[in-house]
Amino acid sequence: MCQPSWGRARVEAQRLSDLARLRRVRDRIDREYGRPLDIEVLARAANLPAAPLGRQFLLAYGLAPYAYLMTRRIEHATALLRRGDLSVAEVCSAVGGPSLDTFRTCFTERVGVSPDVYRQRAIGAAADVPSVRNGEAPLTGPRLA
């Protein structure tokens with residue numbers, strides 16, 4: 001005889017298993033952002049088809065896997081550019097950027113300035129360096145309650 005609570009427990013167990021699988025994908029992106037990763041590679045490692053992985057990742061973390069990967073790459077690129085001892089091409093290669101043009105475009109979309117301008121600002125004045133955006137609305141001023 002099957003009790004209704006067993007069905008709920010089974011659904012909850014599956015949900016937790018799916019979240020653990022997505023967490024492993026996210027952790028892999030965080031560890032291996034400098035390597036060539038694409039959705040197919042990540043999906044194979046997670047033992048899921050690519051499309052469901054993309055949908056579940058988006059629901060869990062608010063970004064598609066590729067967008068999350070590019071955000072991690074740009075975050076690490078900003079750190080390298082702030083050091084000032086690497087060119088933009090070297091930084092692109094270090095963070096696993098797919099191509100210099102794609103890297104420049106993604107960087108400009110997420111940071112608001114090109115990597116060259118970011119590097120010049122970082123070398124000149126550390127206080128005037130924008131941070132990586134994740135698609136949020138820009139802050140217009142202090143938000144005090």
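Modeller: Buried means under 20% relative accessible area, exposed means over 50%, and partly exposed lies in between, with a 1.4 Å probe and protein chains only. Here 34% of the 145 residues of the protein chain count as buried. This is a predicted model, in which local features need pLDDT of at least 70 and side-chain atom pairs count only at pLDDT 80 or more, while totals for chains, interfaces and linings use all residues. Residues are numbered from 1 along each chain as its sequence is written, and side-chain values use heavy atoms, leaving out hydrogens and water.

Colleague: How many helices and strands does the protein chain have?

Modeller: Helices (H or I, at least four residues) and strands (E, at least two) are DSSP runs, numbered from the N terminus. The protein chain has 7 helices and 0 strands.

Colleague: Which residues have the most contacts inside the largest nonpolar core?

Modeller: In soluble globular proteins, nonpolar side chains tend to be buried together. A nonpolar core is a set of buried Ala, Val, Leu, Ile, Met, Phe, Trp, Tyr and Cys residues joined through side-chain atoms within 4.5 Å. The largest one has 32 residues, and Val25, Ile29, Leu53, Val91, Phe103 and Phe107 have the most contacts inside it. Helix 4 gives the largest share of this core, 8 residues.

Colleague: What is Ile29 in contact with, leaving aside neighbours within four places in sequence?

Modeller: Contact means heavy atoms within 4.5 Å. On that basis Ile29 touches Leu37, Leu42, Phe57, Pro65, Tyr68, Leu69 and Arg72.

Colleague: What is the mean pLDDT of the protein chain?

Modeller: pLDDT is the predictor's confidence in each residue, from 0 to 100. The mean is 85, and 85% of the residues reach 70 or more. Over residues 139-145 the pLDDT is below 50.
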